[in-house]
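Open the model in your viewer and keep the sequence beside it. The stops below can be taken in order.

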Amino acid sequence: MLDNVKVVLVETSHSGNIGSAARAMKVMGLSHMVLVNPQCEVDAQTMALAAGASDIALNAQIVSSLDEAIEDCGLVVGTSARSRTLEWPMLDPRECGEKFATEGRKHKAAILFGRERTGLTNSELQKCQYHVSIPANPEYSSLNLAMAVQTICYEIRVAFLNQEAAQYPVASVDEYPRQKELELFYQHLEKVLVNTHFISEEQPGQVMNKLRRLFSRARPEVQELNILRGVLSAIEKSGQNK
């Protein structure tokens, strides 16, 4: 299960943070690091702070976009330290760990960490099924990147160990679509809504954001998503026959 977990760092600007995050991952048995458009090199500072976990940093997958990092994932959770204009399904770290321990047995799952200063953007967070927030001291909530990675990876490992020790079998996991399939669905949905004049092609944003939130909350399974795509195709065909 732990091999199916991706720790995704988005546009990291300090090479030492990559090393510190790699160390935090290895301590908890995680090894799949993905760097999205890093703003620094994996260098000597990375190796120094990795402190024995340099293999994870050196073998990190480097991609140019977040979509590429998560396209094969059935679960994507974004870390968010602040409330957003559009509320999203939230998990605490313990719930997040349990979600990964269960779903990671069947498909790839990604936990996203944003830029050191600004975190993840709203558009990046909208690619997630859930958001997770670490309930730090509100009077001093200054968590650095490695601390956040350590906290979430710890919860994933604890949940994994609890399942391993359980005397009863793990509950079956529903088959969820991969992120790439979800993005194709959203593109199809937006196209149909524009063509039927439900939304404006110039300003699709707010309605589409709310629809993304709706479907993230509902988490349609693969067969359900196929039904929705079929409905959209039927609407398109009906419009062409008029």
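This is a predicted model: local features need pLDDT of at least 70, side-chain atom pairs count only at pLDDT 80 or more; totals for chains, interfaces and linings use all residues.

Residues are numbered from 1 along each chain as its sequence is written, and side-chain values use heavy atoms, with hydrogens and water left out.

**Stop 1: the domains**

Select residues 5-167 and colour them as domain 1, then select 179-241 and colour them as domain 2. These bounds come from an automatic or database domain assignment. The C-alpha centres of domain 1 and domain 2 are 29 Å apart. In the contact between them, domain 1 takes part with 18 residues and domain 2 with 11 residues; contact means heavy atoms within 4.5 Å.

**Stop 2: the nonpolar cores**

A nonpolar core is a set of buried Ala, Val, Leu, Ile, Met, Phe, Trp, Tyr and Cys residues joined through side-chain atoms within 4.5 Å. Buried means under 20% relative accessible area, exposed means over 50%, and partly exposed is in between (1.4 Å probe, protein chains only).

Select Met 33 and Val 149. In the largest nonpolar core, which has 39 residues, these two touch the most other members. Helix H7 (residues 145-165) supplies the largest share of this core, 8 residues. Helices (H or I, at least four residues) and strands (E, at least two) are DSSP runs, numbered from the N terminus.

Stay on Val 149 and show what surrounds it. Which residues does Val 149 touch, not counting those up to four places away in sequence? They are Val 7, Leu 9, Ala 21, Ala 24, Met 25 and Phe 113.

Next, select Val 63, Ala 69, Cys 73 and Leu 112, which are among the 15 residues of a second, separate core.

**Stop 3: the largest pocket**

Pockets and cavities are found on a 1 Å grid over the protein atoms alone: a cavity is a set of points where a 1.4 Å probe fits but cannot get out, and a pocket is an open set with protein on both sides within 12 Å along at least five of seven lines. Lining residues have an atom within 4 Å of a point. Grid points are joined across faces, edges and corners, and a volume is the space filled by probe spheres set on the points.

Select Thr 79, Ser 80, Ala 81, Leu 143 and Ala 148. Of the 25 residues that line the largest pocket, these lie nearest its centre. The space in this pocket is about 570 Å³. Its lining is made up of 10 nonpolar, 10 polar and 5 charged residues. Here Ala, Val, Leu, Ile, Met, Phe, Trp, Tyr, Cys and Pro count as nonpolar, Asp, Glu, Lys and Arg as charged, and the others, Gly among them, as polar.

**Stop 4: the cavity**

How many cavities of 30 Å³ or more does a search of the whole structure find? The search finds 1, and the volume of the largest cavity is about 100 Å³. To find the place, select Gln 129, Leu 182, Tyr 186, Phe 215 and Ser 216, the closest to its centre of the 16 lining residues.

Helix H8 (179-195) and helix H9 (205-218) are the elements that each give two or more residues to this lining. H8 gives the most, 4 residues. Domain 1 and domain 2 each contribute at least three residues to the lining of the cavity, which divides into 7 nonpolar, 5 polar and 4 charged residues.

**Stop 5: two positive phi angles**

Most residues other than glycine have a negative phi. Select Ala 51, in the loop between helix H2 (44-50) and helix H3 (54-58). Ala 51 has a positive phi of about 50°, and its relative accessible area of 45% makes it partly exposed.

Then select His 197, in the loop between H8 and H9. Phi of His 197 is also positive, near 65°. His 197 is exposed, at 71% relative accessibility.

**Stop 6: a loop residue and a strand residue**

Is Ala 53 buried or exposed? Ala 53 counts as buried, because its relative accessibility is 2%. Ala 53 lies in the loop between H2 and H3 and, leaving aside neighbours within four places in sequence, is in contact with Ala 22, Arg 23 and Lys 26.

Finish at Ile 62 in strand E3 (residues 61-63). Ile 62 counts as exposed, at 55% relative accessibility. Beyond the residues up to four places away in sequence, Ile 62 touches Leu 35 and Pro 38.
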